[in-house]
Amino acid sequence: MLKYIWLVPALPLLGAAINLFFGRLLGKFSGVLAAALVGGSFLVSVVAFFELVSKPAEERVYVAHLWDWFTSGKLNVGVDLRVDVLSMTMILVVTGIGFLIHIYSNGYMHGDERFSRFFAYMNLFVFFMLTLVLGQNFIVMFVGWEGVGLCSYLLIGFWFEKKSAANAAKKAFTTTRIGDTFFVVGLAMIFVHFGSFDFDKVLDPHAASTLSTATLTAISLLLFGGAIGKSAQIPLHVWLPDAMEGPTPVSALIHAATMVTAGVYLVVRAHVLFTPESLNVVMIIGLATALYAAIVAVGQDDIKRALAYSTLSQLGYMFFAAGMGAYSVAMFMLVAHAFYKALMFLSAGSVMHGLDGETDMKKMGGLRKFMPITAAVFMVGAISQAGIPPLAGFFAKDPILSIAEKSGRTIPWLLADIAAFLTALYIARVIFMTFFGKERGDKHAHESPKIMTAPLIVLAGGALVAGFLFMRGLLPSPEGVFGRWLEPVTGIFLEPEGGLPETVLVLLSIAIAVVGIWLAYTVYASERWVAFRERFSTTHRMLENAWYWDAAYGWVVERPGKGLARFAAFGIDKGVIDGVVNGLGTVTKGISSGGRRVQTGMVRTYAAVFLLGVVGVLAFLVVRS
Amino acid sequence: MSVEQLVFWILAPISVASAILMVVSRNAVHSALFLILNFFTIAVFYLVLGSPFLFVVQIAVYAGAIMVLFLFVIMLLGVDREESLKERIKGQRALAIILVVGVLAEFVTAIRLGVGVSAKGAAGWDLVNKGGNPQALAKVLFRSYFLPFEITSVLLIVAAIAAMVLTRERLKVVPDAVLDAEDEEEEVLA
Amino acid sequence: MNVPVGNILVLAAILFSIGTAGVLVRRNALVIFMSIEMQLNAVNLTLVAFSRELGNLNGQVLAFFSMVVAAAEVVVGLAIIVSIFRLRTTVNVDDENLLKW
């Protein structure tokens, strides 16, 4: 089956093509088709997985050369797919969770005008994401990179009649574009220094060691620049909260489980190129994002925006881990997060579906009576994210904190602990405001259909048990099954010694999570938060507007940009260019209007001119002789 | 000084003076008369230069026919009024003076450069005019220049016809109905 | 017969220039025409002088033809002036400016 690995991206592409051209004819069947094709990809991936596992660890690489794409001078780029432990992990996550989300979407998007178009875009997105992670060279990866950006734009702005949705789509695209520019410059540098884009040639430790530290740092930081845009880290994070304008399945698939994790995948894949300096940058940015987003998430009343900031924060954790060199930890967090975040987004969608599209948590409350299944699975996801064992989130978060402490990075460790506390706090807040307390809503809530709740239950199962993959003994460890699985790519991670003992750290992180949940319970499960809000209204407004980051960008970027555009349009285009063209016309008019006066119509002036000519000719003749 | 030179130096100023007066006179008839005087002086110059035939032709054709025709037309059109002195085209007078002086200077330069002020006539002039100037002229005219001669005769006929055509009265086209009505009127009256 | 030819030529040049001045300065069509006649005469004088200088009769023949053609030209020209006068009762050349821009 490894020989047929190309089926994995090809099936969704086929689905996209069919739904794009024949969607109208298929009607409701387009959703079934789309889900089935992604499911088919998942099956192929599973079979390929077993094939890969049957090989010894060092040989778990398969490169499929599909065809020669282009040759330019000494550069040969082919459409090559690489199946190794890292990409296998990714395609299982993408196709597996993608499959569940497609099933869910059949229920969620029921009755939408552009039902088949939605599934066409979703399939197209899955195709591009698979291309991204299956690429054997940076060019194929870049095709996927750009493609997911495009599909994100299409899907965020799916309900483009809504102005806010269209604007959000534009914002997403342009912000990630900035990151993509850095990425492309990085690619150029790679070509200059390595002469190729192929992973086997570029991501070779021996080849990398021939370059200077400065060059490697530059290349890796440029690539990371792309990751900052795609994975919405500070300072290019502003598009993700607005991206919630898209349908909830889109938020779940793209902005929780897959596209935003492309940056993490990139860093892990290309970690050979990262120097200690660039890794520090990755770590700092990740930590800053994690902390900032966690703070802001506490003040969000819109359930989807709260989850969006939560995603930002968790992505920050992943980069924090990668920046410390703990790549398998970052990848496990990616997998676990994919499960519980997709789960929570879909559950939020279920809540919205039950309340006719309401997203303001102030208008919810006490919903667990009406939507027991949704409430239960949402809580599973939340507890997992908060980091309570034995759910998966604990096995992801705890290693990050303990590695930070043990490796002597005390201040980052403290900041990460604060962020962990806030994580537990804000996610529990969501649960309590939505499902507990007084019923503040006026809409009649009902549970969602089975087609929507079934995928939720499956995801919840994943969130419950996935943790065991990362265990050694009873403690989380990179030497668990998952960590060892990834070793061919990530290398062996030496856990630092020293610092506080492991058990202390584990108990500490659990305690932090519990305190956070308890605080949320006291404030939000009752009505005490209303009074709190009045007392801390300024703080709340600050948080709600995310420390006015968008407004700041508006001042710094938008105004000068508009000014420049106005100058170019009116100053240069109208003034100079039009001025030249119009000027030519005016000059011609002037010349002709002056020139026509020669035709006086009077014989005597003609005679005078005649004589003038004669004088001239005679002078010429006389002088010549 | 020989007779010819005396004649030249007396007539030349008269010639120039009459020319200038012709141009300057405000009365058209006066201009014509001055021009006739000029033609006479030129005729004498022809004589001095050894062409008695042209002397006579000049007086007969130019002064006698052409200028008379001019005077007829002047009288006919009643343009013996005075012309105003004001020049309406700006700069025309200045330009005219400059250009004319320039032309004259160029001519004189050319003459000085080319011919010089020599006193000689061609040798053997008497031989050229053997048998009298008209006969000699006729020999050349009817032998070498016969074709142009015939063509100029055609030209004269054409010119005469052209003059008649250009100046004839345009006949009005009267419709038959009106003509018949007029005839009826006459019959009734008769 | 020993008139210096150069003098005659200068005289002819002077007469020609005066004729040109007349064409440019006068407004009366008839006077302009007369100036043109004077120019023609000056040329004829030049021709005859050269004929004398060079010792053949070609110059005189050409002067003769020039007179003939001048006569024909005067006839036609005056006929035109009369026609214009009939139409517009003016012989002022400045008034004939229909070809103006």
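Leaving aside neighbours within four places in sequence, which residues is Met22(B) in contact with? Here are some friendly notes on this predicted model.

1. Met22(B) sits in helix 1 of chain B, which spans residues 3-24. Setting aside neighbours within four places in sequence, its contacts in chain B are Ser31(B), Phe34(B) and Leu35(B), and those in chain C are Arg26(C), Val31(C), Met34(C), Ser35(C) and Met38(C).

2. Met22(B) has a relative accessible area of 0%, so it counts as buried. Leu37(B) is 15 residues from Met22(B) in sequence, and their C-alpha atoms are 9.6 Å apart.

3. Now for the interface around those contacts. Chain B contributes 85 residues and chain C 73, and together the two chains bury about 7100 Å², with 74% of that on carbon and sulfur atoms. Arg27(C), Met34(C) and Arg52(C) provide 10% of the area chain C buries against chain B, more than any other three residues.

4. On the polar side, there are 9 residue pairs in polar contact between chain C and chain B, while the salt-bridge count across this interface is 0.

5. Helix 1 (5-25), helix 2 (29-54) and helix 3 (58-88) of chain C each give two or more residues to the side touching chain B. Helix 3 of chain C has the largest share, with 23 residues. By type, this side of chain C comprises 48 nonpolar, 17 polar and 8 charged residues.

6. Over in chain A, do look at Asp84(A), which belongs to strand 2 (residues 75-84). Asp84(A) is buried because its relative accessible area is 2%, under the 20% cut-off. Its side chain makes a polar contact of 3.0 Å with that of Arg82(A). Beyond four places in sequence, Asp84(A) touches Leu52(A), Arg60(A), Val61(A), Arg269(A) and Val489(A).

How values were computed
Residues numbered from 1 in each chain as written. Chains lettered and ligands numbered in written order. Predicted model: local features only at pLDDT ≥ 70, side-chain atom pairs only at ≥ 80, totals over all residues. Heavy atoms only, no water. Helix = DSSP H or I, 4+ residues; strand = E, 2+ residues; numbered from the N terminus. Buried < 20%, exposed > 50% of the residue type's maximum accessible area, 1.4 Å probe, protein only. Polar contact = N/O pair within 3.5 Å; in protein donor to acceptor, adjacent residues only side chain to side chain. Contact = heavy atoms within 4.5 Å. Buried area = accessible area lost by both parts, 1.4 Å probe. Salt bridge = Lys/Arg side-chain N within 4 Å of Asp/Glu carboxyl O. Nonpolar A, V, L, I, M, F, W, Y, C, P; charged D, E, K, R; others polar.
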